[in-house]
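Here is a short briefing to read alongside the sequence and the coordinates.

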Amino acid sequence: MSEKTPLTVDVVALDATATRVALSGELDHDTAGELAELPDGWQRLDLDLSGLTFVDSSGLAALVRLWQRAGASGAELRLVAVTPYLRGLLKMTALDRLFGLPPG
Amino acid sequence: MEATIALRLPRDAASVPLIRRLFDGTLRSLGVEPQIRDDIELMLSEACSNVIRHAEPSEEYTVTAGVRDDLCVIRVIDTGDGFDPEAVRPPKPGAEHGRGLQIMRALADDVRFVNKPEDGAVVCLEKRLRYSPGAAGQFLAS
């Protein structure tokens with residue numbers, strides 16, 4: 001039972017200061033630690049969440065950690081391609097406001 | 001109809017996706033609507049993750065999940081020291097942790113926490129099921 005649940009992290013440098021990271025699979029207790037391994041050096045990080053099929057409170061905690069990391073270095077973290085499923089979860093936990101998602 | 005699955009699992013993070021997939025597969029076979037299945041998957045995961053994180057000194061925990069007509073009842077039972085859900089404050093906006101309980105309360109139709117004075121805690125989660133048209137579970141419901 002040591003097999004990790006699948007999470008795929010695709011990192012694409014958009015330009016010298018902006019990075020786009022696409023997450024797909026399951027972001028949970030088992031996989032959330034992988035977000036801590038993202039490289040530094042970006043001024044703006046676009047986090048594409050459209051491929052996530054499952055996110056739990058540990059996954060949300062990892063997103064908050066990333067947001068804190070961005071804030072600490074004066075960088076910007078943006079959630080893009082948020083699915084209705086995920087929007088519901090972010091709203092339920094009041095994180096939609098933290099991440100500045102447009103209402104609706 | 002009444003169907004119950006009971007599993008005794010090691011208190012290990014890898015057990016959570018296992019039980020989640022197993023139970024989601026069962027509900028899918030019964031023809032439970034996808035949105036209800038998503039909700040159950042998440043609230044079940046939160047209850048189990050809670051045990052993994054906090055239920056010292058249990059080495060194992062038990063999950064029972066039962067479907068009776070249109071009601072799904074999940075019990076997550078550990079042998080840890082128990083905990084007081086009232087003592088858990090809602091998380092501050094930028095806080096990292098503390099959203100598991102919030103999610104369980106939002107998704108379940110009923111959540112109960114029972115501390116057994118001698119041996120551990122039980123989280124009981126209930127959810128009303130909705131079946132897709134023509135689903136197997138619909139015909140089994142009395």
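In what order do the 5 strands of the open sheet in chain B lie? They follow the order β1-β2-β3-β5-β4, and the pairing is antiparallel, where two strands pair if DSSP finds at least two bridges between them. This is a predicted model, in which local features need pLDDT of at least 70 and side-chain atom pairs count only at pLDDT 80 or more, while totals for chains, interfaces and linings use all residues. Residues are numbered from 1 along each chain as its sequence is written, and chains are lettered from A and ligands numbered from 1 in the order in which they are written.

**Sheet of chain B**

- The edge strands, each pairing on one side only, are β1 (2–10) and β4 (110–115) of chain B, with strands taken as DSSP runs (E, at least two residues) and helices likewise (H or I, at least four), numbered from the N terminus.
- Strand β4(B) runs antiparallel to β5 (residues 121–128) of chain B and is joined to it by 6 bridges; B:Val114 has B:Val122 in β5(B) as its bridge partner.

**Contact between the chains**

- Chain A and chain B each contribute 23 residues to the contact, two residues being in contact if their C-beta atoms, placed from the backbone, lie within 7 Å.
- On the side of chain A that touches chain B, the elements giving two or more residues are α1 (57–72), α2 (84–92) and α3 (95–98) of chain A, and α1(A) gives the most, with 7 residues.
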